[in-house]
Amino acid sequence: MMMVRITLRTVGPSPPSSLDVHSPIKVRDLRNLIAGNGRLALENLKLVLQGNVLHDSKYGDDVSIHFNNGDTVIVAVKPKPPAKHIQSGFDDDEELKFQVPELNSRWKRRLFVILHDKLKIPDMLLMAIFSLSLKAWAVFIMWFMLAPIAHKWDVGPLYILGTGFAIIFVNLGKREQGDMSAYSIFNEDFRELPGTFNAERVDRDIRAGQF
């Protein structure tokens, strides 16, 4: 660890300034240092280095930055957000992005970094990948391992058809006591749900002059 002198350029009329910092240094510590020296609001402070916004942490790990003498950091202070009743009609851009589930294990975070930063896999696909449990992935991989065997024995169509029925069966769920099914054949006395549209209702409406 060594001391280097960097240049701070604050967005606005303020002149550039110099700051001696350790290299490497955590972004969190750098933000605290700059906010304290410039008496800036820490929660609204944004730092930009070589066109990239510096974040305190990434995927649960603290981010550290290596500086060289003379490096320039852009310091920007976000304006205060508008009143709640004003911004309620607008959606934040962050809310429009696909949110990847929280990754608790370290190896999942490392895998996410490789897929997202290096392979540039879209967020929507990453959300689907990391939403599946290990059990679901095991079943998924086993299905592809058994598919060539089913094709070799000429039972490929039956294999796919059976997969479809298995997916339907697994996702049927369980009804609570007293709940009615959307299909009257599964209900006691073949009772239908209120508002069910069928031929009997059409006939009844025609007789009542509602058509």
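Accessible areas here come from the Shrake-Rupley method with a 1.4 Å probe, and for residues only the protein chains shown count as cover. With that settled, I looked up the total for the protein chain, which comes to about 16900 Å² of accessible surface, with 60% of it belonging to carbon and sulfur atoms.

I note that this is a predicted model, in which local features need pLDDT of at least 70 and side-chain atom pairs count only at pLDDT 80 or more, while totals for chains, interfaces and linings use all residues. Residues are numbered from 1 along each chain as its sequence is written, and side-chain values use heavy atoms, with hydrogens and water left out.

**Overall fold.** I found eight helices and nine strands in the protein chain, where helices (H or I, at least four residues) and strands (E, at least two) are DSSP runs numbered from the N terminus. I then checked burial, taking buried as under 20% relative accessible area, exposed as over 50% and partly exposed as in between (1.4 Å probe, protein chains only); of the 211 residues, 18% count as buried. For contacts, meaning heavy atoms within 4.5 Å, I read that residues 24 or more positions apart account for 51% of those with a separation of 6 or more.

**Cores.** I next looked for nonpolar cores, that is, sets of buried Ala, Val, Leu, Ile, Met, Phe, Trp, Tyr and Cys residues joined through side-chain atoms within 4.5 Å. The largest has 18 residues, of which Ile-6, Val-21, Leu-30, Ile-34, Leu-47 and Phe-67 touch the most other members. At least two residues of this core are supplied by each of β1 (2-10), β2 (17-23), α1 (27-38), β4 (45-49) and β9 (72-77), and α1 gives the largest share, four residues. Apart from it I located another core, of five residues, including Phe-112, Leu-115, Leu-126 and Phe-130. Going back to Ile-6 and leaving out residues up to four places away in sequence, I listed its contacts, among them Val-21, Leu-30, Phe-67 and Val-73.

Ser-23 has its place in strand β2, and it counts as buried because its relative accessibility is 7%. A polar atom of the Ser-23 side chain lies 2.8 Å from the backbone nitrogen of Phe-67. The peptide bond from Ser-23 to Pro-24 is cis, with omega near 5°, and Pro-24 itself is found in the loop between β2 and β3 (25-26).

**Aromatic rings.** I counted four aromatic pairs, where rings of Phe, Tyr and Trp (its six-membered ring) pair if their centres lie within 6.5 Å, and planes under 30 degrees apart count as stacked, over 60 as edge-to-face and the rest as tilted. Trp-143 and Phe-144 form an edge-to-face pair, 5.1 Å centre to centre with 80° between the planes. Trp-143 is partly exposed at 29% relative accessible area, and Phe-144 is partly exposed at 49%. I also noted one aromatic cluster, formed by Trp-137, Phe-140, Trp-143, Phe-144 and Tyr-159.

**Positive phi.** Gln-50, in the loop between β4 and β5 (52-53), has a positive phi near 55° without being a glycine, and it is exposed, with a relative accessible area of 69%. Asp-154, in the loop between α6 (134-152) and α7 (156-170), has a positive phi of about 60° although it is not a glycine, and its relative accessible area of 67% makes Asp-154 exposed.

Terms used
A polar contact is a pair of N or O atoms within 3.5 Å; within protein, one must be able to donate a hydrogen and the other to accept it, and residues adjacent in sequence count only if both atoms are side-chain atoms.
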